Amino acid sequence: MTGNDIPVHPSVLNTTVLSNFAYIDQLWVIENLSEICTVPVVRKELRAGVDGHPYLQSALDTLDVEIPVATISETVANREAVVSSHLDPGEAQAFAVADAHHGRLLTDDGDARSFAKEQGVTVVGSVGVLLAAIDAGKINEPTADEWLSAWIDDIGFYVPYRTISEYR
């Protein structure tokens with residue numbers, strides 16, 4: 001994927017959302033999102049985490065096959081450099097692609113979510129992906145609740161509510 005073939009309005013994945021869906025072995029949910037892609041730094045972060053979190057290998061295996069990895073243009077690199085003092089590397093690069101291409105950032109990182117919203121970039125997290133999957137008829141609420149519970153109880157995912165219905 002090059003700068004010219006990044007979707008017009010990409011949904012740019014950060015490591016956090018990829019990691020959550022890899023943990024529950026349900027990457028198909030994000031693979032099927034419209035205009036999905038991720039960035040090279042996310043690949044690097046996943047590789048760095050595989051030894052301690054073997055489930056991340058499945059996320060790595062989907063990159064370039066089911067989830068394209070964007071090539072970073074000079075414009076995006078410049079934007080990334082500007083925001084790197086506010087965000088971690090993966091969040092900065094994913095934000096820069098989303099911002100430059102009028103897309104949305106898929107992240108659960110609180111600081112990245114706040115920063116992106118302040119900059120006018122749409123943000124969706126793992127819970128938002130679950131809600132979209134329910135609305136599209138891909139999963140039901142009990143399944144979403146099961147997955148959400150696994151994230152909360154097993155990997156320490158912090159969200160204000162434990163059930164999907166509380167987000168509606």
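**View 1. Charged side chains of the protein chain.** In this predicted model, the protein chain carries 25 negative and 10 positive side chains, where Asp and Glu count as negative and Lys and Arg as positive, with His and the chain ends not counted. The centres of the two sets lie 3 Å apart, each charge being placed at CG of Asp, CD of Glu, NZ of Lys or CZ of Arg.

**View 2. The open sheet.** Four strands form an open sheet in the order E2-E1-E3-E4, with parallel pairing; two strands pair if DSSP finds at least two bridges between them. Strands E2 (36-37) and E4 (122-124) stand at the edges and have a single partner strand each, so one side of each is left without a neighbour in the sheet.

**View 3. Strands E1 and E2.** Strand E1 (residues 11-13) runs parallel to E2 and is joined to E2 by 2 bridges. Val12 has Cys37 in E2 as its bridge partner.

View 4. The protein chain has 9 helices and 4 strands, which are DSSP runs numbered from the N terminus (helices: H or I, at least four residues; strands: E, at least two). From the N terminus on, their sequence is β-α-α-β-α-α-α-α-β-α-β-α-α.

**View 5. Burial in the protein chain.** Of 168 residues, 48% count as buried, meaning under 20% relative accessible area (1.4 Å probe, protein chains only).

**Notes.** Residues are numbered from 1 along each chain as its sequence is written. Local features need pLDDT of at least 70 and side-chain atom pairs count only at pLDDT 80 or more, while totals for chains, interfaces and linings use all residues; side-chain values use heavy atoms, with hydrogens and water left out.

Definitions and conventions. Buried < 20%, exposed > 50% of the residue type's maximum accessible area, 1.4 Å probe, protein only.
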